[in-house]
Amino acid sequence: MPGTIICYGDSNTYGYDPRSFLGGRYTGDKRWPEMLTARTGWKVINSGKNGRCTPYFLPEIESVCNSLER
């Protein structure tokens, strides 16, 4: 049995619904991290955020590290 899976990603992970102009999300049954939980029973944390890209600068890397520590 695995521990916890953290899905750290962009709007695709977050579940952004492009039909929404105000940052709306797809329902949980349409977001892939939640689908992973439903299909496997694993503990999955959806840490997606709109507009996120690969961390490059030190503050961005520190933010990733802080997220993992939480």
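This is a predicted model: local features need pLDDT of at least 70, side-chain atom pairs count only at pLDDT 80 or more; totals for chains, interfaces and linings use all residues.
**Exercise 1. Get your bearings: in what order do the helices and strands of the protein chain come along the sequence?**

Start with the inventory: there are 3 helices and 2 strands in the protein chain. Now walk along the sequence, and you'll read off β-α-α-β-α. For the overall dimensions, the C-alpha atoms fill a box of roughly 40 × 35 × 15 Å along the principal axes. Finally, look at burial: of the 70 residues in the chain, 20% are buried.

**Exercise 2. Find Asp-17 and decide: is Asp-17 buried or exposed?**

Asp-17 sits in the loop that runs between helix H1 (11-14) and helix H2 (32-40). Next, check its relative accessibility, which is 10%. Buried means under 20%, so Asp-17 counts as buried. Then see who is around: setting aside neighbours within four places in sequence, Asp-17 is in contact with Gly-24, Arg-25 and Tyr-26.

**Exercise 3. Look for charges over rings: which ring does Arg-25 lie over, and which ring has the charged end of Arg-52 over it?**

Arg-25 lies over the face of Tyr-14, with 4.0 Å to the ring centre. Now move to Arg-52. Its charged end sits over the ring of Tyr-8, 3.8 Å from the centre.

**Exercise 4. Classify the aromatic pair: how are the rings of Tyr-56 and Phe-57 arranged, stacked or edge-to-face?**

The structure has 1 aromatic pair to work with. Its members are Tyr-56 and Phe-57, with ring centres 4.9 Å apart and planes at 85°. An angle over 60 degrees counts as edge-to-face, so that's the label for this pair. What about accessibility? Tyr-56 has a relative accessibility of 64%, so it counts as exposed. Phe-57 is exposed too, at 52%.

**Exercise 5. Explore the largest pocket: which helix gives the most to its lining?**

Begin with the space inside, about 150 Å³. Then go through the lining, which includes Lys-49, Gly-51, Cys-53, Thr-54 and Pro-55. Tyr-8 and Arg-52 are in the lining as well, and you'll remember them as the ring and the charge of Exercise 3. Further along come Glu-60, Ser-63, Val-64 and Ser-67. The top contributor is helix H3 (residues 58-69), with 4 residues. Sorted by class, the lining has 4 nonpolar, 4 polar and 3 charged residues.

Terms used. Residues are numbered from 1 along each chain as its sequence is written. Side-chain values use heavy atoms; hydrogens and water are left out. Rings of Phe, Tyr and Trp (its six-membered ring) pair if their centres lie within 6.5 Å; planes under 30 degrees apart count as stacked, over 60 as edge-to-face and the rest as tilted. Buried means under 20% relative accessible area, exposed over 50%, partly exposed in between (1.4 Å probe, protein chains only). A charge sits over a ring if NZ of Lys or CZ of Arg is within 6 Å of the ring centre and within 35 degrees of the ring normal. On a 1 Å grid over the protein atoms alone, a cavity is a set of points where a 1.4 Å probe fits but cannot get out, and a pocket is an open set with protein on both sides within 12 Å along at least five of seven lines; lining residues have an atom within 4 Å of a point. Grid points are joined across faces, edges and corners, and a volume is the space filled by probe spheres set on the points. Ala, Val, Leu, Ile, Met, Phe, Trp, Tyr, Cys and Pro count as nonpolar, Asp, Glu, Lys and Arg as charged, and the others, Gly among them, as polar. Contact means heavy atoms within 4.5 Å.
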